[in-house]
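Welcome! Try each task yourself before reading the solution.

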Amino acid sequence: GAILIKLRGQTFNEDNLAMTRTYRYTDTREIIGAVIQIQAFAPAKERVIEHELGHALGWKHFNRRLHLMHSMHVRGGWDTYGLRRRDE
């Protein structure tokens, strides 16, 4: 599949820095692609693209303090506890 990254101009909540929509096969749930939409100012913020790429790979929010996948950007960080490659 492919991951497409678009700057603001799309329709999603103005309060969000970004949004990712992941597409999967219905029967197998295998990811076939994703579209990441980012506010124009968001790429300058630390971890936004990495967080959204995580969603594109199928990772969900994990509200552990300083975690890359924390749902609140201000509480996030670079902790990747629990995230693994599929082949591990």
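Helices (H or I, at least four residues) and strands (E, at least two) are DSSP runs, numbered from the N terminus. The model is predicted, so local features need pLDDT of at least 70 and side-chain atom pairs count only at pLDDT 80 or more, while totals for chains, interfaces and linings use all residues. Residues are numbered from 1 along each chain as its sequence is written, and side-chain values use heavy atoms, leaving out hydrogens and water.

**Exercise 1. Place the helix.**
Which strands does helix α1 lie across, and which of its residues are buried?

Solution. 
- Step 1: Val48, His51, Glu52, Gly54, His55 and Ala56 are the buried residues of α1. Buried means under 20% relative accessible area, exposed over 50%, and partly exposed in between (1.4 Å probe, protein chains only).
- Step 2: These buried residues pack against β1, β2 and β3, where contact means heavy atoms within 4.5 Å.
- Step 3: Just after α1, look at Gly58, whose phi is positive, at about 100 degrees.

**Exercise 2. Find the salt bridges.**
How many salt bridges does a search of the whole structure find?

Solution. 
- Step 1: Use the rule: a side-chain nitrogen of Lys or Arg lies within 4 Å of a carboxyl oxygen of Asp or Glu.
- Step 2: The search finds two.
- Step 3: One of them joins Arg47 and Glu46, at 4.0 Å from N to O. Arg47 is buried, at 11% relative accessible area, whereas Glu46 is partly exposed at 46%.
- Step 4: Another joins Asp79 and Arg64, with the closest N and O atoms 2.7 Å apart. Both residues lie in the segment after α1, so the pair ties together parts that are 15 residues apart in sequence. Asp79 is partly exposed at 24% relative accessible area, and Arg64 is partly exposed at 36%.

**Exercise 3. Examine a buried charge.**
What surrounds Glu52, and which side chain of opposite charge is nearest?

Solution. 
- Step 1: Locate Glu52 in helix α1.
- Step 2: Leaving aside neighbours within four places in sequence, list the contacts of Glu52: Ala18, Met19, Thr20 and Ile36.
- Step 3: Check the charges, counting Lys and Arg as positive and Asp and Glu as negative, with His and the chain ends not counted. Glu52 is buried and has no salt bridge; Arg47, the nearest side chain of opposite charge, is 11 Å away.
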